[in-house]
Amino acid sequence: MLKTKLIQTTAIAAALILSPLSVNAQENEKLVEQTSIEKAHYEAAYALADLRQGGPKMTPALIKTMRNQIHQIIKSDPDIAILENEYPGLINAGVDAMMPIVIRQTEAGMPTLFDRQAVLLIKNFSLREIQELDKIFKSPTFRRIRTAAQTNTNLSAVEDVVNEDRDINTSDIDRIQKDTVRNIVPTLSSADNAYLIKTSLNPTFKKFQKLMPQLNAIEAQWSNESTPEQDAEIEAAATKGYEEHFAKFEEGE
């Protein structure tokens, strides 16, 4: 949807620029060409941001991993742990009730993340450089890394965020990435490791790595932008799950 809006905005801007009668045909052609290049640059950057995150839709494997880690984070709350002992299965009931909401809200917000990261990318990389990065991230090695990440994502950093009752920051995103990579490394082949060493020497990739803190900062800000209505929806779903679980125990007495 964001790409469609960008195309519409570009078209309107071009129409306003081309409207003066003093602009001749040759200048018109140059402006149209420039608009086309800018559009291609943005779309390539957006596609790269999308590719890095594995697309806007969460895979079943990633959902399962995410669900299990949310379960662990909730279980770390002493009060909830006590209730879980008294009403076994309570945490599962709450997590199962909230997950569809979490997934829907997360997927709905992904285009906004891709858009913001794309804007940063086009400010720092030429179209040719973005195309070069696209080839790297589409390589078999990076494809295997994305697949491995779906079952090896480590969200333990989020537990600190919950316990400290604060927003996610850039350091948290960096830690999640490093913890996840640490889990993935043992799954890579010698050929994958050789490719990663070769890629680490690529000037464009080295430039991309230097930009990672800024990309992570965008992701951290995006992660903290849930509305009160979205938070309330998740809380209401979890509460309903808990209440229904309590009710089952009462019926059994």
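A nonpolar core here is a set of buried Ala, Val, Leu, Ile, Met, Phe, Trp, Tyr and Cys residues joined through side-chain atoms within 4.5 Å. Buried means under 20% relative accessible area, with exposed over 50% and partly exposed in between (1.4 Å probe, protein chains only). The model is predicted, so local features need pLDDT of at least 70 and side-chain atom pairs count only at pLDDT 80 or more, while totals for chains, interfaces and linings use all residues. Residues are numbered from 1 along each chain as its sequence is written, and side-chain values use heavy atoms, leaving out hydrogens and water.

**View 1. The largest nonpolar core has 25 residues.** Leu121, Phe125, Leu133, Phe137 and Phe208 touch the most other members.

**View 2. Ile130 sits in helix α6 (residues 127-137).** At 0% relative accessibility, Ile130 counts as buried. Leaving aside neighbours within four places in sequence, Ile130 is in contact (heavy atoms within 4.5 Å) with His41, Ala44, Ala45, Leu48, Leu121, Ile122 and Phe125. Take Leu48: it is 82 residues from Ile130 in sequence, yet their C-alphas are 7.4 Å apart.

**View 3. Leu121 touches Ala45, Leu48, Ile130, Phe208 and Leu211.** That list doesn't count residues up to four places away in sequence.

**View 4. Helix α5 (residues 90-124) crosses helix α11 (residues 203-223) at roughly 145°.** Their axes come within 10 Å; axes are lines fitted to C-alpha atoms, for helices over the stretch in contact, and angles run from 0 to 180 degrees between N-to-C directions. Among the residues making the contact are Met110, Leu113 and Leu121 of α5 and Phe208, Leu211 and Trp222 of α11. By class, there are nine nonpolar, six polar and three charged residues. (Ala, Val, Leu, Ile, Met, Phe, Trp, Tyr, Cys and Pro count as nonpolar, Asp, Glu, Lys and Arg as charged, and the others, Gly among them, as polar.)

**View 5. Helix α7 (residues 140-152) meets helix α9 (residues 170-184) at roughly 105°.** The axes come within 9 Å, and the two helices are therefore roughly perpendicular (65 to 115 degrees). Ile145, Ala148, Ala149 and Asn152 of α7 make the contact with Thr180, Asn183 and Ile184 of α9. This one has four nonpolar, three polar and no charged residues.

Definitions and conventions:
Helices (H or I, at least four residues) and strands (E, at least two) are DSSP runs, numbered from the N terminus. Angles under 35 degrees count as roughly parallel, over 145 as roughly antiparallel, 65 to 115 as roughly perpendicular and the rest as oblique.
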